[in-house]
Amino acid sequence: MNLQLFDTYERKVRPFEPLVDNKVGIYACGPTVYNFAHIGNLRTYLFEDLLIRVLVANGYEVNHIINITDVGHLTSDADTGEDKMELGTKRTGMTAWELAEFYTEAFQADLAKLNILAPSVWCKATDHISEQIEFVVDLEQKGYTYATSDGLYFDSRKLKSYGHLARLDVEGLQAGARVKLGERRFVTDFALWKFSPPGEQRQMEWDSPWGRGFPGWHIECSAMSAKYLGDYFDIHCGGEDHIPIHHTNEIAQTEASKGTRLANFWMHGYFLQMDKAKMSKSTGDFLTLDVIGERGFSPLVYRYFCLTAHYRSQMSFSLESLEAAKTALTRLYETAFSWGEPGTVDEGTLTRYFDCLNDDLNMPRALAVVWELVRSNLPGDVKKATLLRCDEILGLDIANWEMDQVDVPDEVEELVKAREAARASKDWAQSDELRDAVNKLGYAIEDTPGGAKISTLD
Ligand code: AMP
Ligand code: ZN
């Protein structure tokens, strides 16, 4: 089956073809680096990693851009409130620049721990201020802007197609607008450039044709994607929350300036749902990869957990379901380990597996194919070779997994080997005797699909 993907813009699954040759340009909206990423944020980057691995498996050459929002993302989507970065400086005592560097590195480390492939380019909003200003100058020349006392705004009513991505009822929104419009003319108008508050010096501010200040949040993505991928590229992605505001506004800016809808496919990862209080990056009390690590769940357990749901369905988080993912993954590792060296692949399984993935990244169904393989009667070396090919998408590092063994004295190792031999010849009495001997030396044996696992007796 050829690759088919769901496009939010057209609200349907349609065949994917690159715009140019076999090259695919992807832009993924990156994190706002004022705090650690929570595991919800990371689910979105895992979805994008799945997409990229599937594109690569289809033979495409992928150019993948992730931006770093290190300025201009305000606490309110109505372009009021504080810059999240400035808030972060108050919370931590770091400068805005230190804060950005610290949380960018923490984010990149999280992605690496999750086995998420690094993008081709990381780009920071603060490194592209002149590109953003140029973009806004062009919008101004084309008549899409107006100024208020606090900034320069995009006049959303000038653009007929405004809001198409989210199927926004723009007039209805305006009529029912309970949010304060302030000096904005229309509820969907948004800031392109904000002025520094009078009499106040921000840590991050720049001169512009309109006054000293900083860029609005959406303009960085229109300007940087144009720079790295051109005015119209293959796929733009992000979390579902970006559909009604951030991506709607990116499209508006690019349509007004370049006449394109920015990307051929718009793809969105759905949310990880959990206790609201535990998911707010602004309160500081939320689940990170490190926090779940302290509870005994490795990053790859979280990766496996996310693979069990389709990217277009919301997923509820609980420690019980994470525990179930851990059990399943451990079984997969141990079983695969027991198969030894890989032989030749089973093409039938691989075809079924990739057909599921090419069907709009249906990972839950692809995982079911993996478990059918595990339970099948195929020889171990065939299963191993096939599973390792599946792991090019799963990203669970199955080839390098080794049983967590404690260091044991040679004497114990000999007894364990002898016991394995006794078990192989079904000599249960001998096997029990050898187990007792190992226990007497202070070690326990657990029989797993990957072989005998030895630990110290408490
Ligand atoms: P932010 O750092 O807030 O700009 O968000 C980074 C990414 O995480 C964006 O693509 C968001 O859409 C996404 N995101 C935010 N919350 C969640 C969540 N609970 N589940 C999945 N993705 C999320
Ligand atoms: Zn963006």
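Why is the arrangement of the 4 donor atoms around the zinc ion (ligand 2) irregular? The donor atoms subtend angles of 77 to 132°, which makes the arrangement irregular. Four donors count as tetrahedral only if all angles lie between 85 and 135 degrees. This is a predicted model. The briefing covers the zinc site, then the cavities.

**Zinc site**

- Cys29 (SG), Cys221 (SG), His246 (NE2) and Glu250 (OE) coordinate the zinc ion (ligand 2), at 2.0 to 2.3 Å.
- Along the sequence, these donor residues follow the spacing C-x191-C-x24-H-x3-E.
- Cysteine 29 sits in the loop between β3 (23–28) and α1 (39–57), and histidine 246 sits in helix α7 (residues 246–258), so the pair ties together parts that are 217 residues apart in sequence.
- Cysteine 29 counts as buried because its relative accessibility is 4%.
- Histidine 246 also counts as buried, at 1% relative accessibility.

**Largest cavity**

- The whole structure holds 3 cavities of 30 Å³ or more.
- The largest cavity has a volume of about 130 Å³.
- Its lining includes Arg43, Phe47, Arg303 and Met363.
- α1 gives the most to this lining, with 4 residues.
- α1 and α9 (299–307) each supply at least two of the lining residues.
- Domain 1 (4–274) and domain 2 (287–400) each contribute at least three residues to the lining.
- By class, the lining has 9 nonpolar, 1 polar and 2 charged residues.

**Second largest cavity**

- The second largest cavity holds about 60 Å³ of space.
- Among the residues that line this cavity are Tyr9, His164, Thr248 and Glu255.
- Its lining divides into 6 nonpolar, 4 polar and 1 charged residues.

Technical notes:
Residues numbered from 1 in each chain as written. Chains lettered and ligands numbered in written order. Predicted model: local features only at pLDDT ≥ 70, side-chain atom pairs only at ≥ 80, totals over all residues. Heavy atoms only, no water. Donors = N, O, S within 2.8 Å, 3.2 Å for Na, K, Ca; no water. Tetrahedral: all angles 85-135°; square planar, octahedral: opposite > 155°, others 65-115°. Buried < 20%, exposed > 50% of the residue type's maximum accessible area, 1.4 Å probe, protein only. 1 Å grid on protein atoms, 1.4 Å probe; cavity = no way out; pocket = protein on both sides within 12 Å on 5 of 7 lines; lining within 4 Å. Points joined across faces, edges and corners; volume = space filled by probe spheres on them. Nonpolar A, V, L, I, M, F, W, Y, C, P; charged D, E, K, R; others polar. Domains from an automatic or database assignment.
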